[in-house]
Amino acid sequence: MSQDSGQVYEAVRERYGQLASGASDASCCGSGSDCCGDSAGVDVTLDSLYGSLYTADTAWLPDEVTGLSLGCGDPITLAALQPGQVVLDLGSGGGIDCFMAARQVGPAGHVIGVDMTPEMLSKAERNKAKVGLDNVEFRQGMIEALPVASDTVDVILSNCVINLSPDKPAVFREAFRVLRPGGQLAVSDMMTQGQFGEQERADLSAWAGCVTGAEDVALYAAAMRDAGFTDISIVDKARPEEELAGLPRESGPARLFSARVTARK
Ligand SMILES: C[S@@+](CC[C@H](N)C(=O)[O-])C[C@H]1O[C@@H](n2cnc3c(N)ncnc32)[C@H](O)[C@@H]1O
């Protein structure tokens with residue numbers, strides 16, 4: 001990648017720090033216009049993002065949790081979690097997917113949310129106290145260097161986060177390391193067919209807004225394969241019948257979409 005990774009992390013941390021502390025409107029990739037679409041100079045079609053994100057019941061969650069839902073899909077439904085499982089959420093934000101997962105895996109299960117932004121972690125801890133679930137914990141860390149032991153996780157979730165990483169191969173290597181053999185990946189993420197140009201990538205506001213960090217689906221799938229994942233499936237949420245993981249890389253301008261990604265270790 002052409003831009004400095006440190007600057008990307010700084011821009012991302014600043015954006016989500018502000019969202020967590022209420023200094024900016026909480027919307028990203030779901031229903032608002034703050035993210036994914038109106039970022040300077042980037043023309044994207046986001047038909048797949050409209051409508052309610054979750055088919056799972058969210059009515060039991062406090063407004064503080066649903067109000068800071070910054071995802072672009074529903075990895076919870078994708079994961080079909082079972083009681084007793086250990087679940088890891090990459091880029092857990094205010095905790096919405098962690099809380100839904102914690103309820104589904106029950107007291108015999110355990111959920112770990114990892115996030116790099118201190119304000120998000122504080123917000124997630126306050127939300128945890130409100131929700132009253134004690135089988136969920138939040139850890140500060142990078143998804144490129146997970147603070148999680150190897151071979152300990154049954155299911156990895158992530159919702160609109162991996163696109164933000166300037167080092168996606170490292171994210172998949174780490175995800176593979178911490179999963180138990182047979183473990184499952186269930187991810188919602190922004191992706192493209194075709195690629196953003198250097199100038200678009202240099203727009204850090206668009207990157208932090210879940211737009212120009214998005215990777216071509218063929219490169220995304222290749223990074224997963226290189227890390228060791230098998231049974232890789234990637235579909236556009238708006239056209240789930242068409243499998244995209246095996247397609248060759250596209251050379252045209254980027255078409256941005258919300259993807260459902262599953263794979264196994
Ligand atoms: C778009 S928000 C999504 C939050 C949450 N998954 C949700 O659905 O509401 C992205 C989150 O990922 C975190 N994040 C972004 N890049 C990260 C990285 N490289 N390592 C750890 N956390 C990261 C941000 O701090 C932010 O909380």
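**Cysteine 160 and onwards**

A: Happy to! Let's start with cysteine 160, which is buried, with 28 other C-beta atoms within 10 Å. Bear in mind that this is a predicted model.

Q: Where is the place of cysteine 160?
A: Cysteine 160 sits in the loop between strand 4 (153-159) and helix 6.

Q: And what is the phi of cysteine 160?
A: The phi of cysteine 160 is near 65°, a positive value in a residue other than glycine. Most residues other than glycine have a negative phi.

Q: Which other residue has a positive phi although it is not a glycine?
A: Aspartate 231 has one, at about 50°. You'll find aspartate 231 in strand 7 (residues 230-236).

Q: Is aspartate 231 buried or exposed?
A: Aspartate 231 counts as exposed, because 11 C-beta neighbours lie inside 10 Å and the cut-off for exposed is 12 or fewer.

Q: Let's zoom out. How many helices and strands are in the chain?
A: The secondary structure comes to nine helices and nine strands. The chain has 265 residues, and buried residues make up 50% of them.

Q: What share of the contacts with a separation of 6 or more comes from residues 24 or more positions apart?
A: Such residues account for 73% of those contacts in the chain.

Q: Now the ligand. How many residues surround the ligand, and which are the closest?
A: The ligand has 25 residues around it, and the closest are Gly71, Gly91, Gly93, Met116 and Thr117.

Q: Which helices each supply at least two residues of that shell?
A: Helix 1 (5-20) and helix 4 (96-105) each do.

Q: What about the shell by class?
A: The shell around the ligand has 13 nonpolar residues, along with nine polar and three charged ones.

Q: You mentioned helix 1. How do the axes of helix 1 and helix 5 cross?
A: The axes of helix 1 and helix 5 (residues 118-131) cross at roughly 30° and come within 7 Å. Helix 1 and helix 5 are therefore roughly parallel to each other, since angles under 35 degrees count that way. The crossing in which helix 1 passes helix 5 is left-handed.

Q: Which residues meet there?
A: From helix 1 there are Tyr16, Gly17 and Ala20, and they meet Glu119, Met120 and Lys123 in helix 5. By class, this contact of helix 1 with helix 5 has three nonpolar, one polar and two charged residues.

Q: Back to helix 6, then. How do the axes of helix 6 and helix 9 cross?
A: Helix 6 (residues 168-178) and helix 9 (residues 217-227) have axes that come within 8 Å and cross at roughly 40°. That makes helix 6 oblique to helix 9. The crossing of helix 6 and helix 9 is right-handed.

Q: Which residues of helix 6 and helix 9 meet?
A: On the helix 6 side they are Lys168, Pro169, Phe172, Arg173 and Phe176, and these meet Tyr220, Ala223, Met224, Asp226 and Ala227 in helix 9. By class, the contact of helix 6 with helix 9 has seven nonpolar, no polar and three charged residues.

Q: Which residues does threonine 77 touch, not counting residues up to four places away in sequence?
A: Threonine 77 touches Thr55 and Ala56. As for alanine 101, threonine 77 is 24 residues from it in sequence and 9.7 Å from it in space, C-alpha to C-alpha.

How values were computed:
Residues numbered from 1 in each chain as written. Predicted model: local features only at pLDDT ≥ 70, side-chain atom pairs only at ≥ 80, totals over all residues. Near = placed C-beta within 6 Å. Helix = DSSP H or I, 4+ residues; strand = E, 2+ residues; numbered from the N terminus. Nonpolar A, V, L, I, M, F, W, Y, C, P; charged D, E, K, R; others polar. Axes fitted to C-alpha atoms, helices over the stretch in contact; angles between N-to-C directions. Parallel < 35°, antiparallel > 145°, perpendicular 65-115°, else oblique. Left-handed = near helix turned anticlockwise from the far one by under 90°. Contact = placed C-beta atoms within 7 Å. Buried ≥ 20, exposed ≤ 12 C-beta atoms within 10 Å, placed from the backbone.
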